[in-house]
Structure formats: structure tokens, C-alpha cells
Amino acid sequence: MSYLPAELKENLKSLSLSLDTLGTNLNPVFEFDSLSDLNSQLSIEDSLKLNAALAYTLHSLYYVMLKTQGKDVSEHPLKQEIERIKEYVGKVQEALTEKQQPTVRIDKPLASKLILGHIEEKARVLKGSTPLPQVGHLTWKNQLDKLLKK
């Protein structure tokens, strides 16, 4: 006979399954001697994700442990630390999504205005000093022949 209410039994069963799943998911992490060994084999992005996830997981497990011991966690500093980690996780996700999106945007009207202005300025400088070549790929040869015949 069990003295536990059915709802509590279900909650404990769910907690046990969640902890088993967590242990299975953390097994690859435990294969390394230290976290720095694991981080050295990961890309920067994966290392950021892993460290944020581990920090959140460990603090959450400690929070659950305190709750199961009947401690009042409403004013516990751990709650603030979990909120800080959540903000950090958000910043990591934001930084990783920003990396995938282009950060440089070209203002096409302004760029064309600047280019046309530069071309017009160069044309004014060349206008008085050097004749512009005529259209066609052999016009320079015709001009050279005319100069040599004179």
C-alpha cells in the first residue's frame, strides 16, 4: 500500500523520467576530463550554446533541489541568478542570429548620387585637357594614321 497521493506519484514519476533523460543527454559531456577540453573541440557558437545551457541546467537543478527540501526560494539569490542566465541565453541567441543576417546595407540612391557626382567631377577635369576618344574600338588607329600623315 502506498501512502502517497496519486498526483504526487505522477509528479515524482515525471521528475524521475526527466532526470533520466537529462543524464542521458549529459553523458557526452561527462566523457571529457574538463569543460575546457570539451570547449576546445567545439566552435565558438557551439561553446557559447553549451555553456549557457549547462549554467541554466545546473542552476535549475539546484532550484528544484531546494524546492524539494521545502526551502523558501521566492527570495533566494538563486532566482536572480537564473534570470541573469536567461538574459545571457537570450543575448547568445541574438548574437548568433545576427551573425547569420547581413549587417551592411547599401543606400542605393545615395551611392548612385555619390558615384555620379564623382564621375561628373572627373569629366570636368578631363574636358579642358584631353580629348575624349571617339566611340569604336579602332578609332585610336585612325587618329594615329592621321597624325603620322601630317
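The model is predicted. The protein has 6 helices and 0 strands, and from the N terminus on its elements run α-α-α-α-α-α. Of the 150 residues in the protein, 11% are buried.

**Overall surface and contacts**

- The accessible surface of the protein comes to about 13,200 Å². Carbon and sulfur atoms account for 59% of that surface.
- Among contacts between residues at least 6 apart in sequence, 39% join residues at least 24 apart.

**Helix α1**

- Helix α1 covers residues 6–30. Its 25 residues should span 36 Å at 1.5 Å a residue, and its end C-alpha atoms are 35 Å apart, so the two values agree.
- The helix has a kink of about 30 degrees at Thr24. This kink lies shortly before the proline Pro28.
- Leu19 is part of α1.

**Helix α3**

- Helix α3 covers residues 44–68. From its first C-alpha to its last, α3 reaches 36 Å with its 25 residues, close to the 36 Å expected at 1.5 Å a residue.
- The buried residues of α3 are Ser47, Leu50, Ala52, Leu54, Ser60 and Leu66.
- Just after α3, Gly70 takes a positive phi of about 80 degrees.

- Leaving aside residues up to four places away in sequence, Leu50 touches Val29, Leu35, Leu38, Asn39 and Leu42.
- Leu50 and Asn39 are 11 residues apart along the chain, and their C-alpha atoms are separated by 8.5 Å.
- Ser47, also found in helix α3, counts as buried because its relative accessibility is 13% and the limit is under 20%.
- With residues up to four places away in sequence again left out, Ser47 touches Asn39 and Leu42. Asn39 and Leu42 are also among the residues that Leu50 touches.
- Lys49 lies in helix α3 as well, but counts as partly exposed at 47% relative accessibility.
- The C-alpha atoms of Lys49 and Val92 are separated by 7.2 Å, although the two residues are 43 residues apart along the chain.

**Nonpolar surface patch**

- A nonpolar patch on the surface is formed by Leu4, Leu8, Leu12, Leu15, Leu19, Leu58, Leu61 and Val64. Together these residues have about 630 Å² of accessible area.
- Helices α1 and α3 each supply at least two residues of the patch. The largest share, 4 residues, comes from α1.

**Salt bridges**

- A search of the whole structure finds 2 salt bridges. Side chains of opposite charge can pair when their charged atoms come close.
- Glu81 forms a salt bridge with Arg84, and the closest N and O atoms of the pair are 2.5 Å apart.
- Both Glu81 and Arg84 lie in helix α4, residues 77–100, at positions 3 residues apart, about one turn of the helix.
- Glu81 counts as partly exposed at 24% relative accessibility, and Arg84 counts as partly exposed at 47%.
- Glu83 forms a salt bridge with Lys86, with the closest N and O atoms 3.5 Å apart.
- Because Glu83 and Lys86 are 3 residues apart in helix α4, about one helical turn separates them. An α-helix has 3.6 residues a turn, so residues three or four places apart point the same way.
- Glu83 counts as partly exposed at 42% relative accessibility, as does Lys86 at 41%.

Note on methods
Residues numbered from 1 in each chain as written. Predicted model: local features only at pLDDT ≥ 70, side-chain atom pairs only at ≥ 80, totals over all residues. Heavy atoms only, no water. Patch = residues over 30% accessible without salt bridge, like charges linked within 9 Å, V, L, I, M, F, W, Y side chains within 5 Å. Areas by Shrake-Rupley, 256 points an atom, 1.4 Å probe, with all protein chains shown as cover. Salt bridge = Lys/Arg side-chain N within 4 Å of Asp/Glu carboxyl O. Buried < 20%, exposed > 50% of the residue type's maximum accessible area, 1.4 Å probe, protein only. Contact = heavy atoms within 4.5 Å. Expected span 1.5 Å × (residues − 1). Bend = angle between axes of the 7 residues up to and from the residue.
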